[in-house]
Structures are given as C-alpha cells and as structure tokens.
Amino acid sequence: MKLKALGLAALGAAAMVTATAFTATAADKQFVPGLMYRSGPYAPNGIPFANGFSDYFKMRNAKGGINGVEIEYEECDTAYNNDRGVECYERLKRPGAAAITPLSTGITYALIDRATADKIPVLSMGYGRTAASDGTVFPYVFTLPATYWSGADIIVNYIAKNEGGYENLKGKKIALVYHDSAYGKEPIATLEALAEKHGFSFHPFPVAHPGLEQKATWLQIGRQVRPDWTAMWGWGVMNSPAIKEAAAVGYPMDRFIGIWWSGSEQDVTPAGAQAVGYKSLNFHGTGTEYPAIQDILTLVHDAGNGTGPREEVGTVLYNRGVMNAAVIAEAIHTAQGMHGQTPLTGEQIRDGFEALNIDEARLESMGLAGFMESIQITCADHEGTGRAFVQQWDGSNWTPVSDWVEPNRSGLLRPMIEQAAADYAAEKGITPRACN
Amino acid sequence: MNPTALRFGLWLLVTPLLIAALGLGFKGLAAVDSSLFFAWGYFIEVLIAGLLQGVMYSLVALGFVLIFKASGIFNFAQGSMVLFAALTMVGFIEMGLHWTLAFVVTAAVMVLLALAIERVVLRPLVNQPHIILFMATIGIFYFLDGFGQTLWGSDVKVLDIGISKAPIIVAEGVFENGLLINSFDLVAALVGAVLVAGLAVFFQYTRVGRALRAVADDHQAALSVGIPLKTIWAIVWSVAGIVALVAGIMWGSKAGVQFSLALIALKALPVLILGGFTSIPGAIVGGLIIGAGEQLAEVFLGPIFGGAIQDWFAYMLALVFLLFRPQGLFGEKIIERI
Amino acid sequence: MLYREAGQFKTSYAADQAIFPIRQDQIAIALMAAIAVLGVPALANEYFLETIFVPFLVFAMAALGLNILTGYCGQLSLGTGGFMACGAFFSYKLATAFPELHIVIVFLLAGLGTAGVGVLFGLPSLRIKGFYLAVATLAAQFFLVWMFNKFDWWTNYSSSGVISAPPRELFPGLFITGTQAGPVTKYLFLLVFVAVLALVAKNLVRSRIGRTWMAIRDMDIAAEIIGIRPLWAKLSAFAVSSFYIGIAGALWAFVYTGSVEALAFEINRSFQVLFMIIIGGLGSILGSFLGAAFIVLLPILLNNGMLAIDPTISTALVSHIEFMIFGALIVFFLIVEPHGLARLWQIAKEKLRLWPFPY
C-alpha cells in the first residue's frame with residue numbers, strides 16, 4: 001500500500017521531469033535572462049532590484065520593443081547562493097541570451113569562465129570581479145559603470161576633499177567594515193595601496209555572514225580605534241544592524257560612508273531616526289521624475305502590470321534595476337545597429353556592449369537624462385568612467401551631497417587591474433587578445 | 001536536602017560576595033586604568049556588552065531546553081519559530097493592532113502551531129531514534145521559513161515596541177571615556193531574567209510544572225502514574241512557542257524582522273551545549289559565558305587573527321568545556337548501562 | 001516470478017560473498033551501468049548533465065563519507081561542509097603548487113590531508129557523545145570555513161578569496177577541469193571515480209573494520225568490553241569519512257562549479273549532506289546514492305515543475321513553496337519510512353520475490 005503510493009509518486013515525479021522540457025524562445029523575441037533573488041537572507045534587497053529590472057523591459061515591450069524586437073524576460077531565483085546561481089545559469093543559458101545579470105559577486109566569479117565559454121556577455125554592474133574590466137583578458141565580462149576599486153578610491157577622494165586635501169590625510173584613521181566574502185574583500189587591496197600612498201592608517205573589520213551581529217566590531221570602532229572615517233562594504237541584512245550599532249556607540253553618521261550596495265531605503269529604514277545623516281555612494285538618480293520611469297508608471301503600473309508595489313518605484317535599488325535593464329537594452333540597440341534588427345545571439349550583443357556609447361543626447365532620447373552618467377566602453381576598457389557621487393539619508397530621502405567624483409583610474413587603478421588580469425590570464429593559460 | 005536546592009542556596013550565598021568583590025575590583029581597576037596594555041574601562045565595557053548579548057542568546061536557547069527536557073527532541077526549528085513569531089506579530093501590528101494585543105494574538109497563533117506540530121509531526125514519530133526526530137524538526141524549519149515568507153513577504157520589517165536604544169554612559173569619573181552601556185540590551189536582559197524566573201516558578205510550583213518534570217525524568221514512569229504525555233508535549237511546545245515569541249520580539253526590534261533571524265539558532269547552540277541540554281539555569285549561565293567569551297575574544301584576540309572569529313570561538317569555547325564535562329555544565333550526568 | 005533466486009547455487013565462498021550474489025541483481029546492475037555510461041550522455045542535454053548528474057555524483061561521494069561516520073559508526077557530525085572545504089582548498093594548493101602532478105593524485109592527496117584534519121576534530125568524540133558531539137563538530141565547521149576565508153595563502157593571495165580550478169587533463173588532451181572540459185567528460189570521469197570509491201567503501205564496511213564501526217555504533221560500551229578499541233575504531237571512521245568528504249569537496253570545486261569561495265561550504269552544506277543520508281538510509285551505501293539523488297533533484301524538480309505548470313507564477317512564490325514542500329516532504333518521508341529510501345528498496349525487493357503470487 002505504502003509502496004504503491006510511493007511508486008505512484010515516483011512516476012509522477014518522472015512525468016514532471018519530462019514536462020520540464022524547455023519552452024523554446026519564440027524566434028522573433030530577444031531573450032533576456034535574470035538571475036535574481038526573491039528568497040533567502042538577501043531577499044529584501046534583491047526584490048526591488050528584480051522588480052525594477054523586469055518593469056523596465058515591460059515598459060519597453062509596451063512601447064513596441066527595441067526597434068520592434070520584443071524582449072522576453074525570464075527570471076530564476078538564486079537565493080544569493082552560488083550553486084543555485086550555476087543551476088539557474090545553466091537553465092537559462094541559450095544562444096539567444098542577451099546578457100547575464102548575476103547580481104552577486106560570488107555568482108559572477110562562478111560564471112565568468114562558463115559564460116566566456118558559452119559566448120554570453122556578463123554584465124556585473126557595480127559588483128563582481130574588478131579585474132574583469134580589462135577587456136583584453138575578459139572579453140565577455142562588463143563591469144560598467146564602476147567597480148569596487150573605483151568605489152574605494154572615490155570614498156578616499158571624498159574624505160580627502162572633506163579634510164581639505166590629500167595632504168591632510170596623513171595620520172588619519174580610516175576603517176572598513178566589510179562582509180567577509182568575495183564581495184567585501186574586493187576593496188581591501190585598493191585601500192591598502194591608498195593608505196600607503198597618502199599616509200593614513202587603514203583598519204579592516206570583517207563581519208561574518210550574514211552579519212546580524214556586529215556588537216564587538218562596533219565596540220572596537222566606536223570605543224577603541226575611533227577612526228576619523230568609516231567605510232562599509234555591506235549587503236542586505238548586514239547594513240541596518242551596522243547603522244544601529246554605529247549609533248549605539250555614538251559614531252557620527254556623517255562620517256560613515258557605505259558603498260552603493262549599502263545605501264538603499266531597505267538599509268536605513270529599519271534603523272529609523274538613528275540612520276539620519278548616513279552616507280553612501282550611488283551612480284544613478286533616485287525618485288520618479290525621469291521620463292523613462294514615468295513611462296514605467298504609466299505604461300506598466302497604471303496598466304496593472306507592475307511586478308511589485310507602486311510605492312517602490314523610484315527607490316534606490318528599484319532604480320538600479322532599471323538602470324541595469326536600460327544598459328542591457330542599449331547594448332541590444334547598439335548591437336542591432338551592427339547586426340540587424342532581429343533577435344541576436346550573445347556573441348553579437350557583446351559587440352554591442354563593446355561599442356556602447358551612451359552620451360548625453362542618447363540619454364535624453366532614452367528618457368534618462370540626469371539619471372546616470374554617460375558611458376563609453378571600448379574593447380580594452382569594460383568599466384567606463386567609474387564615477388559615482390555621495391548621497392546622504394535625511395530621514396525620508398536620499399539626497400546627493402557631492403558632485404560626481406572621479407576615481408584615479410589612469411594613475412592607480414588601471415595598472416592594478418591590468419596586473420590582476422594578467423595574473424588571471426597566466427593562471428588560466430589565456431592569451432590576452434589584441435585590442436584596436 | 002536535594003542537590004538542586006543546595007545549588008540554589010550556594011548561588012544565593014555566593015552572589016553577594018561576588019558583587020562585593022566586583023565592586024572592590026572596580027575601585028582597584030581605576031587605579032591601574034590605562035597603565036596596562038589595554039584600558040580596563042574598555043575591557044569592562046566589552047565584558048558588560050558581552051554578558052548582555054549572552055542573555056539574548058539565552059532567550060533563544062531556553063526554547064531548545066524546554067523541548068529537549070520534556071521530549072528529548074533537539075528542536076532545530078526553534079530558530080524559525082522565533083522568525084515566524086516575529087513575522088506574525090509584525091503582521092498583526094501592521095494590520096493596526098496595538099502591540100500588546102498583537103502579542104496576545106501571536107501567542108495564540110504560536111500555541112496553535114505547537115498543537116499542529118505535535119499532532120502532525122511528533123505523534124507519528126513517537127519512539128523513533130533521536131536523530132530521526134532531529135531531522136523532522138529540520139523539516140519543520142524549512143516549512144516554517146517558506147510558510148512565514150509566503151504569508152508575510154520577505155521585506156525587512158520594523159518592530160518597534162518603544163524601547164529606547166540610546167547609549168548610556170556610566171562611571172565617567174572612574175574611567176577615561178566612561179563605560180558605554182546600551183539601554184536596549186539592559187531591557188532585553190531584564191526581560192530574559194523575568195522570563196527565566198517565570199519559567200522556574202512555573203516548573204517548580206504548578207501542577208503542570210510538576211508533571212513536566214516527571215515527564216522529563218522518565219517517560220514510562222510518568223505515563224504509568226497517569227500523566228498524559230501528549231498533552232504535556234503540546235503544553236511544552238506551546239510554552240516554547242511563546243518563549244520564541246519573546247525572543248523574536250527582542251531580536252526583531254534589535255535587528256529588524258527578516259529571514260536571517262532564523263539563523264540565530266546557530267548562535268544558541270554553543271550556549272545550549274555549554275549549559276547542558278536539560279537545564280534552564282544552564283541556558284542562562286551558558287549564555288553569559290558564551291556572550292562574554294565571544295565578545296572579549298573578538299575584541300581582544302580578533303585583531304591578532306584577522307577578525308570575525310566570534311562564531312567559531314563560541315563553539316570552541318563550548319567544546320573546551322565539554323571536554324571536562326561531557327554533559328555540559330548543568331546537564332544531567334550521562335549514565336550508560338549495557 | 002522474474003526475481004527469484006531459486007536454482008542459483010554457489011560453489012565457492014567467493015561467489016557466496018559477492019556484493020550482488022543474485023543473478024538478477026547482477027544483470028540489473030550491469031544494465032544500470034550500461035545506461036549510466038552510454039544512455040545518460042547520449043540522452044541528457046548539457047543542463048541535465050551540469051546541474052543534475054554532476055552535482056548528484058559529487059554529493060553522493062560526500063554522502064558516502066558521512067554515512068561511514070554517522071550511519072556505520074554512529075558519530076553524528078555536522079562538520080561536513082568544513083571537511084569539504086578542506087578537500088577543495090588542499091587540492092587547489094596542491095594543483096597550483098605542483099602543476100605537473102596528475103589531477104587524480106591531487107584529489108587523493110587532498111582526501112588524505114582532509115582525513116588528517118578529520119582525525120584531529122574526531123578526537124573529542126572519545127569523550128563527547130550524541131548531540132553534544134554534533135554541536136562540537138560545528139566547531140570544526142565554523143573554524144575551517146573561517147580559516148580558508150581568512151588566510152590568503154590558501155587562495156594564492158587572490159584579492160577576493162575565490163579560487164578557480166586550473167585546467168587539468170585526465171589523459172593528454174582530455175580536460176576534466178577548467179573551461180575546456182565538456183559536460184560529458186566530466187560526468188563520465190565522476191561516474192567512474194565515484195563508482196570505484198563506492199566499491200571500496202562497500203568492501204570496507206563488510207570487512208573487519210566496518211564491523212568494529214557497527215559494534216561501536218550499536219553500543220560503544222559493549223563493543224569496548226568485547227575487545228574493540230574505541231579510540232582506533234572512532235578515529236578510523238573519522239579518517240575514512242573525511243577522506244571521502246574531502247575528495248567530494250575537491251570535486252565540487254574542480255569539476256562541478258569550477259570556482260568556489262569558502263562560503264560555499266557553510267553550514268547549510270552540512271545539513272544538506274546529513275539530509276541525504278537520513279532520507280537515503282543510515283548505514284547503507286546504496287542509500288547514500290538514493291539520498292543524494294533525492295535531495296539534488298527535489299528542489300530543481302519542484303522549482304521547474306511549478307514553472308512548467310504555471311509560467312506566470314512569481315519566482316518568489318516558487319521559492320517559498322519550494323521550501324515548504326521540501327520541509328513537508330522530509331517530515332512525510334520520516335513518518336512513512338524512518339529508515340530511508342534504501343529500506344524501501346529492500347522492501348520492494350522482498351515483495352518482488354513473491355510477486356505475482358504473494359500467498
């Protein structure tokens with residue numbers, strides 16, 4: 001009896017396997033996969049990003065697609081888990097996939113080799129492997145508009161400006177609170193190099209995943225080391241306890257700067273009034289006043305098609321999802337100019353990424369003027385300008401408190417990137433391709 | 001005189017002495033403050049923070065102890081019960097209930113949950129080996145995680161019951177920079193103390209409490225004197241559910257109510273083995289030792305090893321204690337027969 | 001009718017002690033081997049190979065290891081993830097420090113290294129038992145993952161602490177790690193490797209040492225009295241178990257994901273493997289495979305299945321329901337058959353013997 005029931009269950013499961021045969025993409029649509037996360041410890045931050053990403057493509061489809069080619073978007077939930085990410089990638093990869101959005105530094109690392117072999121571009125926008133901005137070694141990986149190394153440099157640059165110049169950094173203390181993973185470790189090398197160059201002392205403080213508890217860390221920062229400035233590389237659940245504990249030891253909020261992944265509404269609202277004055281980097285606008293985002297509201301949300309709640313539109317992470325989608329759409333648009341206005345393969349879209357030239361005029365026509373910086377990508381440089389600005393939380397909104405800050409790419413970061421890329425090429429036995 | 005009473009008596013005698021010694025040390029320490037390799041004020045500050053943090057761990061560990069004591073089940077789902085309780089409470093508050101009312105309703109939900117677990121999961125598994133029951137609770141863990149999020153969503157939720165989070169600085173004249181104590185942690189410690197006292201009274205002086213202790217001592221004997229085992233289990237799981245709710249409120253208002261809250265179960269495990277699986281005072285003492293130990297280690301040893309050592313340090317500390325007392329500090333002596 | 005061993009006589013002890021003494025079993029195993037070697041690569045596409053068969057084989061290896069320790073020797077361990085990390089990082093260091101060393105030797109050496117670590121963390125088992133030991137093995141879990149995450153030496157000073165497998169050949173020209181390795185090659189290599197080691201494990205548990213483990217599991221005091229040295233038995237179980245788990249970790253990093261950071265081996269990995277052996281069957285080699293297949297397949301099936309039924313369903317809901325069903329199914333399985341899938345298989349065989357005339 002028992003056995004029979006189980007046998008039936010097994011049969012059902014087997015039937016399900018066969019039913020799982022893939023739904024082929026319709027030939028006239030451009031396929032865009034999304035490796036998002038809507039479950040797991042990092043879901044609160046993953047959800048708005050995923051909603052923005054998907055809403056943007058819905059908006060483009062409502063306007064007739066990219067040059068008449070509709071976008072087919074499919075999502076897979078990685079739960080910020082590396083092996084689930086690999087499974088999702090294998091599930092969604094197909095020759096017509098436009099670009100992979102891993103949304104996790106760990107998953108990006110795991111997918112670089114695979115995607116390169118499968119000839120699908122990876123767009124790790126403001127995360128991932130910094131060395132991958134060297135296009136000669138990583139032809140399929142794009143890190144625009146900025147990398148963590150640029151982010152670290154921008155933070156130090158901003159601090160220097162506030163202290164009245166780089167020469168005043170000597171003897172100052174700068175601490176880094178970071179998520180103890182591939183993601184959080186990225187800026188350390190840059191900050192160490194900068195510490196040596198400018199003579200400030202650098203104090204790294206790792207926080208173990210997921211980072212619910214940081215009391216000991218903040219007792220050290222707030223009561224013992226007492227750094228002049230603190231930078232944070234935190235993600236998801238780690239951010240709001242950091243802000244709360246910082247407030248609990250009386251650390252001044254306006255001297256606490258997070259990377260762009262530590263500066264969203266989800267991070268500051270749980271800390272309430274304690275978070276007022278907290279700063280973070282960002283590389284795109286917030287709010288809904290941009291024409292493209294107005295289009296999302298009217299064409300998607302008013303039509304009852306919104307992926308998430310309407311109030312979420314215009315928040316930091318939602319807008320970042322929009323920006324990510326817009327860049328991919330623009331790469332498709334550029335590639336269409338080179339290979340024809342039909343659904344393209346990943347390899348062809350990579351050409352679009354490498355020829356990406358989003359100038360002010362183009363931003364205007366995309367409805368994103370003032371939303372983001374112009375981006376120019378070349379065969380060798382997959383990062384672009386690497387610029388970002390500092391924003392501050394005033395209790396209800398993120399307001400910019402600085403101009404776009406330029407990282408010292410040519411003098412400091414680019415040689416480091418090229419060195420790291422060359423090391424990678426040597427380890428993997430890759431011959432860097434010649435550009436130009 | 002029974003050994004428990006003796007132990008309590010000893011504690012009562014020793015505690016004032018300890019406090020006096022601490023006070024004396026306080027005076028003496030001030031004299032050598034900052035002249036040693038680290039500031040004593042800072043050391044004491046970390047110690048206090050650690051002890052208070054330890055009480056927070058004890059809150060979670062208590063739930064484990066209750067269930068293990070009465071049914072011998074190592075309930076891994078305690079962590080997700082904490083999360084589920086906190087999520088439900090926030091959900092009711094968002095519906096417009098006052099938080100005290102929400103507390104009562106959530107407590108009722110937790111009791112229902114306990115009844116359901118007893119009926120659906122535990123009853124069919126009576127007399128199975130411990131490891132099977134342990135796995136079943138991991139199954140419950142997954143189920144509750146998914147269920148809670150399906151019901152209430154995965155956003156970070158704010159749970160504010162009006163406890164001040166402002167730092168208090170005391171003894172400013174004694175130490176350079178004074179001693180920083182978090183007022184929220186103080187309240188949490190107080191709640192923990194009240195909860196433990198309440199549970200102790202419940203176990204010691206009520207009829208149900210006596211029945212619970214009888215079941216904990218010997219299932220068979222308890223059954224043969226007419227104690228209904230299933231009812232007792234349902235009661236224990238309900239009490240554990242309410243303990244989870246209290247822990248959920250404290251942790252939730254500290255760190256925000258979100259999925260990761262379920263992971264604090266992992267912080268309660270070293271507390272549990274150090275104190276012994278079967279002892280309520282053990283959970284408290286274990287919490288204090290682990291809390292203080294790991295915070296001190298992270299602050300004073302962490303920089304030597306590169307930081308983030310507190311997770312494994314707690315387990316190592318518990319392991320060292322176990323090597324000397326394999327049943328934990330307050331656990332029942334393990335007697336083996338052939 | 002078909003499955004009846006009447007008329008099969010053994011004429012030697014060797015034949016009597018074969019792993020599959022019944023002819024029908026031998027035929028079935030030969031068939032299965034043929035399907036695994038020829039059928040699967042021919043029929044399965046890249047997705048199935050890369051995300052189902054390869055992780056299944058890697059997990060089966062880890063489950064074998066844990067089953068030796070927990071299922072045969074009765075020592076509950078939650079340190080599996082940590083030991084897998086050992087295997088992964090040991091093999092990475094060996095492979096990069098000695099590029100000319102053959103990759104299979106690297107895996108075996110990494111396994112041996114992990115065995116050493118396993119013995120070290122097995123020492124407390126002489127004094128601590130049951131759940132206390134389980135929580136004590138968590139110390140190993142957290143410490144090892146922290147160590148590999150913290151010290152750059154293990155990752156050859158990579159800035160982010162991620163290791164990626166260097167390309168290595170099984171035979172000249174035939175890559176099994178790195179980007180040049182095809183899914184079919186990876187699968188076949190794993191299949192043979194895991195099958196050989198599973199055979200070794202099967203014979204190990206049928207031998208003297210396996211019987212001492214089982215004696216310890218059933219009652220360690222009684223075992224001690226009849227002259228089994230607990231020190232030797234427990235530590236050898238830890239060593240052999242860690243050897244298998246270490247190799248599984250190395251295979252995970254090198255063959256399955258190709259690049260890995262220490263966090264990939266966090267506590268969830270330990271639970272996952274523990275699930276496998278409990279669902280599959282404690283103290284059963286076959287159970288390790290069945291459990292691994294079940295736990296690897298189930299989430300993917302649930303996820304894909306729900307999407308196949310209703311493609312418009314939100315991914316968040318899919319994930320949450322997947323969690324719920326996964327949890328509920330585990331409870332269901334434990335209630336229906338606490339001894340695991342291997343026990344079900346046995347019951348099925350017994351029924352089959354009498355079929356179709358049970359009375």
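Chain C has 359 residues, for which a compact globule would have a radius of gyration near 21 Å; the value for chain C is 21 Å, so the two agree. The model is a predicted one. Taken along the principal axes, the C-alpha atoms of chain C fill a box of roughly 70 × 60 × 45 Å. Its secondary structure comes to 14 helices and four strands. Of the 359 residues in chain C, 53% are buried. Where contacts in chain C join residues at least 6 apart in sequence, 74% of them are between residues at least 24 apart.

Within chain C, helix α6 (130-150) can be taken by itself. α6(C) has 21 residues, and the distance from its first C-alpha to its last is 31 Å, close to the 30 Å expected at 1.5 Å a residue. The helix is mostly covered, with 18 of its 21 residues buried.

Another part of chain C to look at is a helix pair. Two packed helices are described by the angle between their axes and the distance between the axes. For α11(C) and helix α14 (residues 340-354) of chain C, the angle is about 20° and the axes are 3 Å apart. Because angles under 35 degrees count as roughly parallel, α11(C) is roughly parallel to α14(C). On the α11(C) side the contact is made by I278(C), I279(C) and G280(C), and on the α14(C) side by G340(C), L341(C) and A342(C). By class, this contact has four nonpolar and two polar residues, and no charged ones.

Chain C also touches chain B. In this interface 35 residues of chain C are in contact with 39 residues of chain B. On the chain C side, the elements that give two or more residues are α6 (130-150), α9 (220-225), α11 (267-280) and α13 (315-336). α13(C) provides the largest share of that side, 13 residues. Sorted by class, the chain C side divides into 30 nonpolar, two polar and three charged residues.

Chain A has 15 helices and 13 strands. Its radius of gyration is 22 Å, close to the 22 Å that the globule rule gives for 436 residues, so chain A is as compact as a globular protein of that length. The C-alpha trace of chain A spans about 65 × 65 × 50 Å along its principal axes. Of its 436 residues, 62% count as buried. Among the contacts in chain A with a separation of 6 or more, 71% are accounted for by residues 24 or more positions apart.

How many of the 11 residues of helix α3 (residues 82-92) of chain A are buried? The count is 11 of the 11, so the helix is largely enclosed by the rest of the structure. Charged residues are among the buried ones, including D83(A), R84(A), E87(A), E90(A) and R91(A). The cover over α3(A) includes β1 (29-36), β2 (70-77) and α4 (105-118) of chain A, together with α3 (46-72) and α12 (285-309) of chain C.

Chain A has a contact with chain B as well, which takes 31 residues from chain A and 28 residues from chain B. On the chain A side, α2 (43-62), β6 (201-207), α8 (215-225) and α9 (239-248) each supply at least two residues. α8(A) gives the most to this side, with six residues. The residues of the chain A side divide into 17 nonpolar, 10 polar and four charged.

How values were computed
Residues numbered from 1 in each chain as written. Chains lettered and ligands numbered in written order. Predicted model: local features only at pLDDT ≥ 70, side-chain atom pairs only at ≥ 80, totals over all residues. Buried ≥ 20, exposed ≤ 12 C-beta atoms within 10 Å, placed from the backbone. Contact = placed C-beta atoms within 7 Å. Rg over C-alpha atoms; globule rule 2.2 N^0.38 Å. Axes fitted to C-alpha atoms, helices over the stretch in contact; angles between N-to-C directions. Parallel < 35°, antiparallel > 145°, perpendicular 65-115°, else oblique. Expected span 1.5 Å × (residues − 1).
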